[in-house]
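Hi everyone, thanks for making time this morning. I'd like to walk you through a model, and please keep the view open while I talk.

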Amino acid sequence: MQVEKEFIARLLNPQTQDLAFQELLHDYQKPLYNHIRNIVLSHDDADDVLQNTFIKVFQNLKNFKGESKLFSWMYRIATNESLTFLNQKARKSGISSVELQNKAIDNLKADVYFEGDKIQIKLQKAIAVLPEKQQLVFKMKYFEDLKYEEISEILGTSVGALKASYHHAVKKIEAYVTLQLNL
Amino acid sequence: MKTFKLENGPKKDSGFKTPDNYFENFSANLLQKLSEEPVAKETKVVSIFRKRKTVLMAIAAVFVLAVMIPIAYQINTKTKEVDTVTLENYLAEETNLNQDELISEIEPKNSTIISKTKELESETLEDILVTNPNIENLVIEN
């Protein structure tokens, strides 16, 4: 915690800010990219949202009170930016966010930056059917290997509720993919 | 029948990949962007006086509406209904018709309605005659 306080102080000090921000970028760009990509699915969209996320982080550093960890604060910004991006995109296209997600999954087959097989496509389709919160919990736990305590800090939900959400998500996904495999 | 279990076999990854050197380029582009326009992205500052002026104008508008609505309502109702006193005065002063002419103008149908509504109950009439002995004398005289 002391190390983080010192790091935040360096980020806020104009003399050390540039170097500290480069460190922040180096440490967080990959995990945040993966988090965003899991939500928005396309690489180009993830690139836009990641850029917006870091700009927002940079602009709001002076307002960061240190009440939560820098890690969970940045993940929260990335999550909100991703969901806002998807909602705006759906509104502009005049379709629901579920339809938008299904369209994005269909586009994955032709995406040069997606190397998943048929099962992975089916897995994505099964996730798209879940409620928004269950989708987030499942992706953060299964694909991003985040701990329940970390997810709890990011989403502001109790660990017990997260475990229940993840359990429900796994059951629904397994049932969906099993049904698809036997068609 | 095939059954799909997430725990069975190796863990599935998301399958997402990035272009070569994506993160190196991303850092460089972002740092350049931030150094070029850090102020342009700042939140727009609205002058406190401008904000206060808008609030004052809103209060004034509400006040004007609060005063105008009852006045407008009163004017509206006055123009639609002529009060009975004005009507009586007008008939008494401005018309050439006398009382007899007015009565003759009333249609027979309406006069029966008037006579019916004016009819006194017999008990009430008796009470009046008993309590006012002078009335009897007046009736006899006429």
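Leu41(A) is buried, because 23 other C-beta atoms lie within 10 Å. The cut-offs I use are these: buried takes 20 or more other C-beta atoms within 10 Å of a residue's own, exposed takes 12 or fewer, partly exposed is in between, and C-beta atoms are placed from the backbone. You will find Leu41(A) in the loop between helix H2 (17–40) and helix H3 (43–60) of chain A. Helices here are DSSP runs of H or I of at least four residues, strands are runs of E of at least two, and both are numbered from the N terminus. Leu41(A) is not a glycine, yet its phi is positive, at about 75 degrees. For background, most residues other than glycine have a negative phi, and most peptide bonds are trans.

A word on what you are looking at: this is a predicted model, in which local features need pLDDT of at least 70 and side-chain atom pairs count only at pLDDT 80 or more, while totals for chains, interfaces and linings use all residues. Residues are numbered from 1 along each chain as its sequence is written, and chains are lettered from A and ligands numbered from 1 in the order in which they are written.

Now, back to phi. Asp145(A) also has a positive value, about 55 degrees, and is not a glycine either. Is Asp145(A) buried or exposed? Asp145(A) is exposed, because 11 other C-beta atoms lie within 10 Å. Its place is the loop between H7 and helix H8 (148–155) of chain A.

Let's step back to chain A as a whole. Chain A has nine helices and zero strands. Of its 183 residues, 28% count as buried. If we take contacts in chain A between residues at least 6 apart in sequence, 57% of them join residues at least 24 apart. By contact I mean that the C-beta atoms of two residues, placed from the backbone, lie within 7 Å.

Next, two helix pairs. In general, two packed helices are described by the angle between their axes and the distance between the axes. The axes are lines fitted to C-alpha atoms, for helices over the stretch in contact, and angles run from 0 to 180 degrees between N-to-C directions.

Please find helix H5 (residues 97–108) and helix H6 (residues 118–128) of chain A, which pack at about 175 degrees with their axes 10 Å apart. H5(A) and H6(A) are therefore roughly antiparallel to each other. For the wording, under 35 degrees is roughly parallel, over 145 roughly antiparallel, 65 to 115 roughly perpendicular, and the rest oblique. H5(A) brings Val98(A), Gln101(A), Asn102(A), Ile105(A) and Leu108(A), and H6(A) brings Ile121(A), Gln124(A), Lys125(A) and Ala128(A). By class, that contact has five nonpolar, three polar and one charged residues. Ala, Val, Leu, Ile, Met, Phe, Trp, Tyr, Cys and Pro count as nonpolar, Asp, Glu, Lys and Arg as charged, and the others, Gly among them, as polar.

While we are on H6 of chain A, have a look at Ala126(A), which is found there. Ala126(A) counts as buried because it has 21 C-beta neighbours inside 10 Å. Which residues does Ala126(A) touch, not counting those up to four places away in sequence? They are Ile173(A), Tyr176(A) and Val177(A). Ala126(A) and Ile173(A) are 47 residues apart along the chain, and their C-alpha atoms are separated by 5.2 Å.

The second pair is helix H7 (residues 132–143) and helix H9 (residues 159–181) of chain A, whose axes come within 9 Å and cross at roughly 90 degrees. That makes H7(A) roughly perpendicular to H9(A). Among the residues in this contact are Phe138(A) of H7(A) and Tyr166(A) of H9(A). Its classes are five nonpolar, three polar and two charged residues.

On to chain B, with seven helices and zero strands. Of the 142 residues of chain B, 2% count as buried. UniProt, in an unreviewed entry, lists residues 54–73 of chain B as "transmembrane region"; positions are in the numbering used here, feature names are shortened, and annotations may be inferred rather than shown by experiment. In the model, that stretch of chain B is 100% helix and 0% strand, with its end C-alpha atoms 29 Å apart.

How do the chains meet? In chain B, 21 residues are in contact with 27 residues of chain A. The chain B side divides into 10 nonpolar, five polar and six charged residues.

Finally, confidence. The model scores ipTM 0.83 and pTM 0.66. Chain B has a mean pLDDT of 75, with 67% of its residues at 70 or more; pLDDT is the predictor's confidence in each residue, from 0 to 100. Among the elements of chain B, helix H1 (residues 22–36) has the highest mean pLDDT (90), and helix H5 (residues 108–118) the lowest (56). Where pLDDT is low, the predicted coordinates should not be read in detail. Thanks, everyone!
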